[in-house]
Amino acid sequence: MYKRLFIGALATLAFSTNVLAHGACEGRPLHHDMENIKTELKSMASSLKSGDNEQAAKKVEQVIALFKDARSQTPYLFVEKKLSGDALAKETAEYQSVIDDTIQVFSSLETALENNDSAKIKTLMGEIGKQKHIGHSTFKADC
């Protein structure tokens, strides 16, 4: 009986901690930017699948605008780690560098879409996946 109560308490704690941590991230502007980027990317992928490169390029423009806004935001991970001073400046510069690299990839994708360069589009879609991995593995908090 005590074992069940203990396991139940642990499960409740794990669930509530996850919900509370996610709530801390949800209210931040960066979270909203990233959610909007995810939505735009899904729409862009749908346009690509249907062969509508013009519409996909418009979605890329929106993604770039969202990344430019995200560049000025502070990742929740920095708050969670209580970074300040030189450590915060260093991490912020690294974060902004990754965002800048990502914007560059999307700018190249926009050009490839305008030129209907399918080989380049495919390559750049792979680069986008790599940039996502870099950003998330480096700056995403456990929310």
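Q: How is a pocket read, and what volume does the largest pocket have?
A: The largest pocket has a volume of about 920 Å³. On a 1 Å grid over the protein atoms alone, a pocket is an open set of points where a 1.4 Å probe fits, with protein on both sides within 12 Å along at least five of seven lines. Grid points are joined across faces, edges and corners, and the volume is the space filled by probe spheres set on them. This is a predicted model, where local features need pLDDT of at least 70, side-chain atom pairs count only at pLDDT 80 or more, and totals for chains, interfaces and linings use all residues. Residues are numbered from 1 along each chain as its sequence is written, and side-chain values use heavy atoms, without hydrogens and water.

Q: Which residues line the largest pocket?
A: A lining residue has an atom within 4 Å of a point. Here there are 33, and M34, E35, K132, H136 and K140 lie nearest the pocket centre. Two or more lining residues come from each of α1 (2-26), α2 (29-49), α4 (76-80), α5 (85-114) and α6 (118-139). α2 gives the most, with nine.

Q: What should I look for in α2?
A: Compare the span with the expected one, 1.5 Å times one less than the number of residues. α2 has 21 residues and reaches 30 Å from first C-alpha to last, close to the 30 Å expected. Its buried residues (under 20% relative accessible area, 1.4 Å probe, protein chains only) are L30, H31, D33, I37, E40, M44 and S47. G51 follows α2, with a positive phi near 85°.

Q: Which residues have the most contacts inside the largest nonpolar core?
A: In soluble globular proteins, nonpolar side chains tend to be buried together. A nonpolar core joins buried Ala, Val, Leu, Ile, Met, Phe, Trp, Tyr and Cys residues through side-chain atoms within 4.5 Å. The largest has 27 residues, and V60, F67, Y95, F106, L109 and L113 have the most contacts inside it. α5 gives the most to this core, with nine residues.

Q: What is V60 in contact with?
A: Contact means heavy atoms within 4.5 Å. Leaving aside neighbours within four places in sequence, V60 is in contact with M44, F106, L109, E110 and L113.

Key:
Helices (H or I, at least four residues) and strands (E, at least two) are DSSP runs, numbered from the N terminus. Buried means under 20% relative accessible area, exposed over 50%, partly exposed in between (1.4 Å probe, protein chains only).
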